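Please read it with the model open.

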Amino acid sequence: MSTVTAGIQRAPLGKRLLANPVVRILLAVAASIGTMALLLMLSEIVPRPMRVAWPTLLAAAGCMAGYHFYVRKVEKRAPAEASGPGVLRELGAGFGIGAALAIGVAGVLLLCGALQVQGVGDWRAIFKPLPEQVMVATFEELVFRAILFRIVEQRWGLRIAVVSNVLLFALAHLPNEHISVVAILATAAAGAGLLGVYLLTRRVWIAMGMHFAWNYLFDALMSVPVSGHAARGWIQVAPAGPEWLSGGAYGVEGSVVTLLAWSAAALVLFRVAGQRPGNVLAH
């Protein structure tokens with residue numbers, strides 16, 4: 001028996017399990033999403049009139065804390081991809097990029113007549129979706145980029161991690177109402193764009209800011225459905241014309257304009273990221 005084989009056999013079962021990428025993914029998801037879900041359930045104890053905004057914000061913070069706990073206890077390291085200096089600056093940069101994409105797509109659709117402004121509601125409506133969109137951007141970027149992409153890349157390499165991550169991000173949206181072929185492709189393109197910006201920094205913050213800005217501006221400001229979910233915003237905007245252009249009831253993420261915009265962003269981001277050491281997609 002070789003010394004290598006003997007060393008593997010002598011390794012404790014727990015250590016071998018923690019070396020398994022699937023086990024690590026499951027533990028990381030359980031720590032982050034499990035903490036988020038637990039805090040949301042516990043908040044139900046509080047009377048409904050007192051559950052304004054803070055439960056979802058607390059759940060987002062719990063999701064991040066759960067991920068930090070997993071990394072420190074299981075991977076035995078500091079979670080540099082989800083901590084460290086420059087967080088606010090990176091979030092702000094991501095918000096700016098996401099806002100530019102959202103405003104650009106909305107502008108094109110308004111000029112084409114695919115979106116029509118029908119009125120203005122109470123301006124305070126812009127605050128209602130904010131906590132939920134913070135939570136969505138937090139847990140989706142942690143799960144898809146910091147957990148799934150990072151761990152798959154470590155075990156199976158960059159290219160498999162990229163392809164699987166984009167596909168899983170699109171597949172995760174299949175249960176949403178009013179999904180279409182264009183919406184699936186646009187969601188995949190958005191996933192590629194968010195992954196591309198993660199590859200630039202190997203941190204979640206810019207991608208998180210982009211994700212939040214896109215969802216929040218359409219939901220809270222323009223009152224346009226986001227991934228099939230009804231919007232609750234300030235400016236009342238309705239789709240018009242063919243569904244492939246307006247996105248229909250699914251929202252602008254079902255529009256070919258969104259598909260083109262996010263595809264272009266992803267191509268640029270992957271080209272720039274491919275020039276960084278360790279990112280070999282462009283070679």
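The points below take the pockets in turn and then the helix pairs.

1. Basis. This is a predicted model, in which local features need pLDDT of at least 70, side-chain atom pairs count only at pLDDT 80 or more, and totals for chains, interfaces and linings use all residues. Residues are numbered from 1 along each chain as its sequence is written, and side-chain values use heavy atoms, with hydrogens and water left out.

2. Largest pocket. Its volume is about 490 Å³. A pocket here is an open set of points on a 1 Å grid over the protein atoms alone, where a 1.4 Å probe fits, with protein on both sides within 12 Å along at least five of seven lines; lining residues have an atom within 4 Å of a point. The volume is the space filled by probe spheres set on the points, which are joined across faces, edges and corners. There are 30 lining residues, and V136, E140, H173, S227 and H229 lie nearest the centre of this pocket.

3. Where that lining comes from. Two or more residues each are given by α6 (130-156), α8 (181-201), α9 (205-221) and α11 (256-273). Helices are DSSP runs (H or I, at least four residues) numbered from the N terminus. The largest share, 6 residues, belongs to α6. The lining of the largest pocket divides into 16 nonpolar, 9 polar and 5 charged residues, where Ala, Val, Leu, Ile, Met, Phe, Trp, Tyr, Cys and Pro count as nonpolar, Asp, Glu, Lys and Arg as charged, and the others, Gly among them, as polar.

4. Second largest pocket. This one has a volume of about 370 Å³. It is lined by 14 residues, with R51, V52, A53, P55 and T56 the closest to its centre. The elements giving two or more residues to this lining are α3 (21-43), α4 (54-75) and α6. By class, the lining of the second largest pocket has 6 nonpolar, 2 polar and 6 charged residues.

5. α3 and α4. How do these two helices pack? Their angle is about 150° and their axes are 8 Å apart; axes are lines fitted to C-alpha atoms over the stretch in contact, and angles run from 0 to 180 degrees between N-to-C directions. The two helices are therefore roughly antiparallel, a term for angles over 145 degrees. The crossing is right-handed, that is, the near helix is turned clockwise from the far one by less than a right angle. Residues in contact (heavy atoms within 4.5 Å) include L27, A31 and L39 of α3, and L58, G62 and Y70 of α4. The contact of α3 with α4 has 15 nonpolar, 6 polar and 2 charged residues.

6. α5 and α11. Helix α5 (residues 87-112) packs against α11 at about 145°, with the axes 10 Å apart, in a right-handed crossing. L101, V105, V108 and L109 of α5 meet V257, T258, A261, W262 and A265 of α11. This contact has 8 nonpolar residues, 1 polar and no charged ones.

7. α7 and α8. Helix α7 (residues 158-171) lies against α8 at an angle of about 135°, with axes 8 Å apart. The crossing of α7 and α8 is right-handed. Among the residues that meet are V162, V166 and F169 in α7 and A188, G191 and L195 in α8. The contact of α7 with α8 has 12 nonpolar, 3 polar and no charged residues.

Technical notes. Angles under 35 degrees count as roughly parallel, over 145 as roughly antiparallel, 65 to 115 as roughly perpendicular and the rest as oblique.
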